[in-house]
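Subject: Structure for you to look over

Hello,

I am passing on the structure below, followed by notes on what was found in it. Please read them with the model open.

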Amino acid sequence: MNNLTTLGEFIVDKQKDFPGSSGEFSSLLSGIRLASKIVSQQVNKAGLLSHIVGGAGSENIQGEQQQKLDVIANDQFIKALTARNVVCGIASEENDDFIKINETGRYIVAMDPLDGSSNIDVNVSIGTIFSIYKRKTPVGTPVENEDFLQPGTEQLAAGYIIYGSSTMLVYTTGFGVNGFTFDPGIGVFVLSHPNMKFPDSGKIYSMNEGNFLRSSKGVQDYINYAKTIDEETNRPYTARYIGSLVADFHRNLIKGGIYIYPSTTNAPLGKLRLLYECNPLAFIAEQAGGAASDGKKRIMEVTPTGLHQRVPYFTGNSAMVEKAEAFIAAE
Ligand code: P6P
């Protein structure tokens with residue numbers, strides 16, 4: 001037991017990467033750690049609740065209205081971040097506008113508190129995605145829209161929690177990617193995947209092929225390329241699509257692959273959100289030796305124009321993303 005590194009120890013140890021943060025940044029990450037544990041417990045109970053006690057919208061055994069799990073997750077992360085007094089504002093997938101927290105806070109957080117929550121009832125892994133920036137407006141003033149509309153290259157940290165067969169927290173502060181697995185027996189996240197990197201090559205492609213005919217010629221050409229039989233280049237690739245971004249991304253990070261949610265005729269900007277889905281996972285992808293683009297441009301260089309802005313999204317092994325971009329460029 002004593003040769004294990006807990007997330008708490010890791011955060012404190014890496015604090016030296018942020019001179020002058022006076023521990024505030026570590027406190028912020030610890031707030032995310034705490035909320036993750038609480039949400040993990042709720043997610044694991046949800047299966048029980050929805051099938052035995054009745055799901056969201058029903059009454060729980062105390063006769064209280066059973067809240068939707070994504071609302072519970074949203075509340076838990078907001079509560080944990082507010083308590084730390086280091087965050088001035090939060091942009092959440094669950095809230096139309098940003099939430100003002102503490103005017104003396106130096107950081108902002110963009111988050112999807114429970115992505116893929118529609119999968120809970122079928123017991124598929126779901127996740128939380130978060131992104132941390134330094135505020136642009138002066139400390140001591142109310143947080144403003146411009147604090148959130150920063151390009152992904154300005155991220156100080158980003159990560160995700162995957163609530164699956166085990167709960168894992170994977171994050172980066174720009175010095176590599178590290179994964180921590182939650183041990184419910186002792187209630188701590190333990191370093192289980194140090195210095196995570198995409199494998200040198202990948203052969204998994206993740207896309208909802210129901211969108212194939214609604215996608216551009218370049219995307220269709222790439223998917224057909226992935227399906228072509230060519231032993232020399234390890235094709236056909238394997239199709240794996242769970243319909244839960246964090247689960248698909250996490251599998252591709254470990255096994256090698258590309259996740260695609262493209263522009264379609266009925267959703268020209270795609271489905272995924274730039275601020276709290278695409279940018280945080282792009283930071284992780286790039287730190288793990290991979291790439292993330294909108295099919296043409298590095299996603300972290302896109303300047304956001306709105307909190308809930310959608311973008312087409314290609315992320316995974318660099319060579320796979322580059323190949324998809326080449327087909328799009330040739331269309
Ligand atoms: P579709 C979940 O709703 C989500 O935001 C991602 O987690 C997932 O990858 C995607 O949407 C699934 O979308 O259109 O394939 O059902």
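How many aromatic pairs does the count come to? The count comes to 13 aromatic pairs. Please keep in mind that this is a predicted model.

Aromatic rings

One of the pairs is formed by Phe10 and Tyr171, whose ring centres are 6.3 Å apart. Their planes stand at 80 degrees, and planes over 60 degrees apart count as edge-to-face, so this pair is edge-to-face. Phe10 and Tyr171 are both buried.

Elsewhere, Tyr222, Tyr225, Tyr237 and Phe327 are joined into a cluster by ring pairs. Tyr225 also has a charge over its ring: the charged end of Arg235 sits there, 3.8 Å from the ring centre. A second case is Lys227, with its charged end over the ring of Phe212 and 5.9 Å from the centre of that ring.

Backbone

Arg235 comes up again here, as the peptide bond from Arg235 to Pro236 is cis, with omega near 10 degrees. Pro236 is in the loop between helix H5 (217–227) and strand E10 (238–239). Most peptide bonds are trans, and most residues other than glycine have a negative phi.

Two asparagines have a positive phi. For Asn123 the value is near 60 degrees, and for Asn195 it is about 50 degrees. Asn123 is in the loop between E3 and strand E4 (126–134), while Asn195 is in the loop between strand E8 (188–193) and strand E9 (204–206). Asn123 has a relative accessible area of 73%, so it is exposed. Asn195, at 49% relative accessibility, counts as partly exposed, because exposed requires over 50%.

Buried positions

Which residues is Ser40 in contact with, leaving aside its neighbours within four places in sequence? They are Tyr163, Thr167 and Phe182. Ser40 itself lies in helix H2 (residues 24–54). Its relative accessible area is 3%, so Ser40 is buried.

Helix H7 (residues 274–287) is mostly covered, with twelve of its 14 residues buried. Among the buried residues of H7 are Leu274, Tyr276, Glu277, Cys278, Pro280 and Phe283. After H7 comes Gly289, with a positive phi near 85 degrees.

Largest pocket

The largest pocket holds about 370 Å³ of space, and 22 residues line it. Nearest its centre are Asp115, Gly116, Lys271, Leu272 and Glu277. Of these, Glu277 is also one of the buried residues of H7.

Strand E3 (107–115), helix H6 (245–255) and strand E11 (257–261) are the elements that give two or more residues to the lining of this pocket. E3 supplies the largest share of the lining, with three residues. By class, the lining has ten charged, six polar and six nonpolar residues.

Regards

Note on methods
Residues are numbered from 1 along each chain as its sequence is written. This is a predicted model: local features need pLDDT of at least 70, side-chain atom pairs count only at pLDDT 80 or more; totals for chains, interfaces and linings use all residues. Side-chain values use heavy atoms; hydrogens and water are left out. Rings of Phe, Tyr and Trp (its six-membered ring) pair if their centres lie within 6.5 Å; planes under 30 degrees apart count as stacked, over 60 as edge-to-face and the rest as tilted. Buried means under 20% relative accessible area, exposed over 50%, partly exposed in between (1.4 Å probe, protein chains only). A charge sits over a ring if NZ of Lys or CZ of Arg is within 6 Å of the ring centre and within 35 degrees of the ring normal. Helices (H or I, at least four residues) and strands (E, at least two) are DSSP runs, numbered from the N terminus. Contact means heavy atoms within 4.5 Å. On a 1 Å grid over the protein atoms alone, a cavity is a set of points where a 1.4 Å probe fits but cannot get out, and a pocket is an open set with protein on both sides within 12 Å along at least five of seven lines; lining residues have an atom within 4 Å of a point. Grid points are joined across faces, edges and corners, and a volume is the space filled by probe spheres set on the points. Ala, Val, Leu, Ile, Met, Phe, Trp, Tyr, Cys and Pro count as nonpolar, Asp, Glu, Lys and Arg as charged, and the others, Gly among them, as polar.
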